[in-house]
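Please walk through this structure with its strands and helices in view.

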Amino acid sequence: MKTTLISFILLTLFSLSTIAQDIPYTTLEGHRGAVDSVSFSPDGQTLASGSRDSTIRLWDVETGTHLWTLSGHTDFVNSVSFSPDGQTLASGSIDRTIRLWDVETGTYLRTVERHPPWRVNNRHSPAWVFNNRHHSPDGRTSASIYAKNTIRLWDLKTGTPLWTLIGHTEPVYGISFSPDGQTLASGSRDSTIRLWDVETGTHLRTLRRYTNIKGHRETVYGVLFSPDGQTLVSWSDDRTIWLWDVETGTHLWTLSGHRRTINSVSFSPDGQMLASGSGSLASGRADDTIRLWDVETGTHLWTLSGHTDFVNSVSFSPDGQMLASGSDDNTIRLWDLSTVVNAYTIVNISPSLVESPAVGEQFTVNVDIVGGQDVRGYLITVAYDSRKLQYVSHTHGDYLPGDVFEGPTISSPGQKWAIADVNSDGVVDIGDLIWVNQGLVPILNTPARVSFNVTSPGGAGNGDGTLATVTFEVVARKTSTFIVSGFLSNSNGEKLPFSVKYGNVLEPSWDVNGDGVVNVLDLSFVAARFGQNDQTEADVNGDGVVNIQDLIVVASGIEAAAAAPSAYPQVSALLTAKDVQQWLMQAQQLNLMDATSQRGIFFLEQLLAALTPKETSLLPNYPNPFNPETWIPYQLAAPTDVTLRIYAVDGTIVRTLKLGHQPVGIYQDKSRAAYWDGRNQLGESVASGLYFYTLTAGDFTATRKMLIQK
């Protein structure tokens, strides 16, 4: 039975992967040791490689011929980096030196200050990087990993250190300058990423695991800014790649799939694609592969196989048409991505981001095809999380011409078994590659799937179009992902390769005040901005003005329990029954009948009920005993004139507080309760002792006692 289940999940998981395409490559040979670093010159004509044979080699990219061998290091060369003008190459070595070389002549220029006894680099990330903004003919700043936990910023002209950056609690393994040169990112064995201000050398922000985000759990081996500087990528010994929003420090995507340590990551020049290289499993099962990822969606596009040992370094050419990789197999490979980058069939979910409607509501997504050629048929599977969505129906698109044959639709609700978390990304999902001896463990449900197929006997589809439209119903209003897989076939019955871009259902967040939770504070935030047209946070429906419709949308996202004052003690201080009653009247005038509005109106009705006492009552004052002031709360079940009288023990009136005509509501918070400062009608402080207070509200009268203790 176990073998059957393993086979079933193996077939399922492999059917959900993208179809591979052979991508041509050129092999550069000559190093007598592992190649730990590769880097293109800014013009893309020269490639530099650093090796464990203690040498650097320069190669002509167009012809693949060897140009220069740069010798001088006395130990492994694990880092090579071109200056922005392409005239200088920096190399870092385990011999604890950084050397600068003239690229045109291959001659040695100078050695930057010798480092303390700590590796100045490693195979995972360059330990020396040029600051592209500040580098100039007369020299400005560059950075290097220094003594274990520290980083140094250097003046290249003088070779002297500018700043020493201290903050990591474990050794630093990777550094990267932002494109504008103002920020340096660093990754460490302490599992964190730090951002530093280059001009001042001060620490800006630390990216780490948060309570709601599971960050890297192992050593962060490298960090890299995207070309536009808005995204930071980090990679780790936990076999995952993380994408971060630089401005906010929030997590965007986790890329998982490699089965061993990720050694290197590179952005394509346009920032749309990421390449990652990995090593081998200790048990001998190889992952000597390169993976290409879509940055916008976080999805895996292609796997490049060919190296026979660790892939230590990957680097895109400046035009994005080529990828270089260095390996423990002593070779460099130049992969031709031109056909992949310029023309490749894509099957994707559209829209790629869907904001989840309310529970019980339905929505549709399209399975679209882009750049198809001679497509005669297809079998497409859409995997989804059945804990959050329920498949309802689908219709085939008109991409294939003429009469088509529709095969049976297969729908699976998901299995009760899941695989072990073999990629160590903290979750068991279809990103885990299965090995038979990992076995099965009952952790989570596997994804539910709906599969459908179409064949066109009369003609083939080409270009862009829609293969199918699928309808789902919301079971739980939570974030989830659609994963598309399957195959296309051409007129000869051959399978056509394609890449996929997944779709995501997002849990709506109407945390308009940015405090991390959606509650009545957000209602107050919106209400305070009614009529304004420059408040983008409060204008949640994006119609250009803040009004009752925005408030209703926010209300629809608040849990019903939050309406009770007991669940949120400040509710009665923030809102009154009169406020909520006015909102409901405005909503009724608009006759809002959609499900989201109805949910919001229902919440407001519950909130109104919570703020409307069933009976008028006088509550105990607080504090009690007191000196010299106290607050006297009460609640009104009907609007009325309210008067509070304070008596001495002999029945003499000490103070009369006329509170005026008050609407229905709870007057309990200090801002709304009756207040007595311990003074009589003449403004004199009264003596210690027992006093009585009587509330008169229409026909209602009640008396309680209180104690002044001086």
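This is a predicted model: local features need pLDDT of at least 70, side-chain atom pairs count only at pLDDT 80 or more; totals for chains, interfaces and linings use all residues.

Start with the open sheet. Four strands form it, in the order E2-E3-E4-E5, with antiparallel pairing. Strand E2 (35–40) and strand E5 (66–71) stand at the edges. Each has a single partner strand, so one side of each is left without a neighbour in the sheet. From one strand to the next, the twist averages 20°.

Look at one of these pairings. E2 and strand E3 (residues 46–51) run antiparallel and are joined by five bridges. Here valine 35 stands opposite serine 51 in E3.

Now move to the helices. Helix H4 (residues 548–556) packs against helix H7 (residues 595–611) at an angle of about 80°. Their axes lie 7 Å apart. The angle falls in the range 65 to 115 degrees, which makes H4 roughly perpendicular to H7. On the H4 side, the contact involves Leu551, Ile552, Ala555 and Ser556. The H7 side supplies Thr596, Ser597, Arg599, Gly600, Ile601, Phe603 and Leu604. By class, this contact of H4 with H7 has six nonpolar, four polar and one charged residues.

Eight bridges join E47 to strand E48 (residues 653–662), and the two run antiparallel. Threonine 640 has glutamine 662 in E48 as its bridge partner. E47 and E48 form a hairpin, with four residues between them. In the turn, glycine 651 has a positive phi of about 90°. E47 also pairs with strand E51 (residues 689–697), in the antiparallel sense, over seven bridges. In this pairing, isoleucine 646 stands opposite tyrosine 693 in E51.

Notes. Residues are numbered from 1 along each chain as its sequence is written. Side-chain values use heavy atoms; hydrogens and water are left out. Two strands pair if DSSP finds at least two bridges between them. Axes are lines fitted to C-alpha atoms, for helices over the stretch in contact, and angles run from 0 to 180 degrees between N-to-C directions. Angles under 35 degrees count as roughly parallel, over 145 as roughly antiparallel, 65 to 115 as roughly perpendicular and the rest as oblique. Contact means heavy atoms within 4.5 Å. Ala, Val, Leu, Ile, Met, Phe, Trp, Tyr, Cys and Pro count as nonpolar, Asp, Glu, Lys and Arg as charged, and the others, Gly among them, as polar.
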